[in-house]
Amino acid sequence: VESLKILEIDLDDAFSLVKKAEDMLSEENFDVLEDILPELGQLLEHIRTKRVKKKTGLIVKEINILFKRLMERGTELDSDKELFNEIVHAIKANDYPKACKLAINSKRLLLKKDKRYTSKEVGTRVKEAKDLFEKMKDQTHLDPQRVDEFKSILKTVEAHLEANELDRGQ
């Protein structure tokens, strides 16, 4: 059960059934307890196969999207492909908890690469914007208030880049 909690799988119904079993044990109601234990075993098997399998499938879809985006950008993905192959092998072996853990790790690594690429790309664009601004700032038809606004925006973006806080949508 603890390994399933790490995977962020909903276990409320399992904990409820465990609580009921504990209560029946405390009350020494062994007839009801005997009925609960197989039900609990079946529920845990369902969680291990169906719920974890579903979560793994959703994460694998997200991984495929990240792979596609990163490959289009020319990012090196050899080690990520190896990890993805491990996920596939775990799925084929019906070891969904292992596949899900690997998928969560793979997604985290790919998101890190995606963020690194995005930050680098935005940094390049900010530098280009600054260079363009330097060329244009002395033109007399520019509104001084707009010039100051632009400077402020560039400084804010640069500060986020330096603090490594830049992420999609921020």
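Asp80 is situated in helix α4. The structure described here is a predicted model. The protein has 6 helices and 0 strands, and its elements follow the order α-α-α-α-α-α along the sequence.

**The protein as a whole**

- The protein comprises 170 residues, of which 26% count as buried.
- Its accessible surface amounts to about 11900 Å², and carbon and sulfur atoms account for 53% of that surface.
- Considering contacts between residues at least 6 apart in sequence, 68% link residues that are at least 24 apart.

**Helices α3 and α4**

- Two packed helices are described by the angle between their axes and the distance between the axes.
- Helix α3 spans residues 30–72 and helix α4 spans residues 78–92; their axes come within 12 Å and cross at roughly 155°.
- An angle over 145 degrees counts as roughly antiparallel, so α3 is roughly antiparallel to α4.
- The crossing in which α3 passes α4 is left-handed.
- On the α3 side, the contact is formed by Thr56, Val60, Ile63, Asn64, Phe67 and Met71. On the α4 side, the contributing residues are Asp80, Lys81, Phe84, Ile87 and Ile91.
- By class, the residues of this contact between α3 and α4 comprise 7 nonpolar, 2 polar and 2 charged.

**Asp80, a residue of the α3–α4 contact**

- Asp80 is among the α4 residues that make the contact with α3.
- Is Asp80 buried or exposed? Its relative accessibility is 2%, and Asp80 therefore counts as buried, the cut-off for this class being under 20%.
- Leaving out residues up to four places away in sequence, Asp80 touches Phe67, Leu109, Leu110 and Lys113.
- One of these partners, Phe67, belongs to the α3 side of the α3–α4 contact.

**Helices α5 and α6**

- Helix α5 (residues 96–136) packs against helix α6 (residues 144–162) at an angle of about 155°, and the axes are 10 Å apart.
- These two helices are therefore roughly antiparallel to each other.
- The crossing of α5 past α6 is left-handed.
- From α5, the contact draws on Ser119, Val122, Gly123, Val126, Ala129, Lys130 and Phe133. From α6, the residues are Val147, Phe150, Lys151, Leu154, Val157, Glu158 and Leu161.
- The contact of α5 with α6 divides into 9 nonpolar, 2 polar and 3 charged residues.

- Ile36 is part of helix α3, and its relative accessibility of 3% places Ile36 among the buried residues.
- Which residues does Ile36 contact, apart from its neighbours within four places in sequence? They are Leu17, Lys20, Ala21 and Met24.
- The C-alpha atoms of Ile36 and Val18 are 8.5 Å apart, while the two residues are separated by 18 residues in sequence.
- Val52 also lies in helix α3; with 0% relative accessibility, Val52 counts as buried.
- Lys98 is located in helix α5 and is partly exposed, at a relative accessible area of 43%.
- Lys98 and Glu86 are 12 residues apart in sequence, and their C-alpha atoms lie 9.3 Å apart in space.

**Loop residues with positive phi**

- Most residues other than glycine have a negative phi.
- Glu28 is not a glycine, yet it has a positive phi of about 55°.
- Glu28 is placed in the loop that joins α2 (12–26) to α3, and at 58% relative accessibility Glu28 counts as exposed.
- Asn94 likewise is not a glycine and has a positive phi, of about 60°.
- Where is Asn94? Asn94 occupies the loop between α4 and α5.
- Asn94 is exposed, its relative accessible area being 54%.

Key
Residues numbered from 1 in each chain as written. Predicted model: local features only at pLDDT ≥ 70, side-chain atom pairs only at ≥ 80, totals over all residues. Heavy atoms only, no water. Axes fitted to C-alpha atoms, helices over the stretch in contact; angles between N-to-C directions. Helix = DSSP H or I, 4+ residues; strand = E, 2+ residues; numbered from the N terminus. Parallel < 35°, antiparallel > 145°, perpendicular 65-115°, else oblique. Left-handed = near helix turned anticlockwise from the far one by under 90°. Contact = heavy atoms within 4.5 Å. Nonpolar A, V, L, I, M, F, W, Y, C, P; charged D, E, K, R; others polar. Buried < 20%, exposed > 50% of the residue type's maximum accessible area, 1.4 Å probe, protein only. Areas by Shrake-Rupley, 256 points an atom, 1.4 Å probe, with all protein chains shown as cover.
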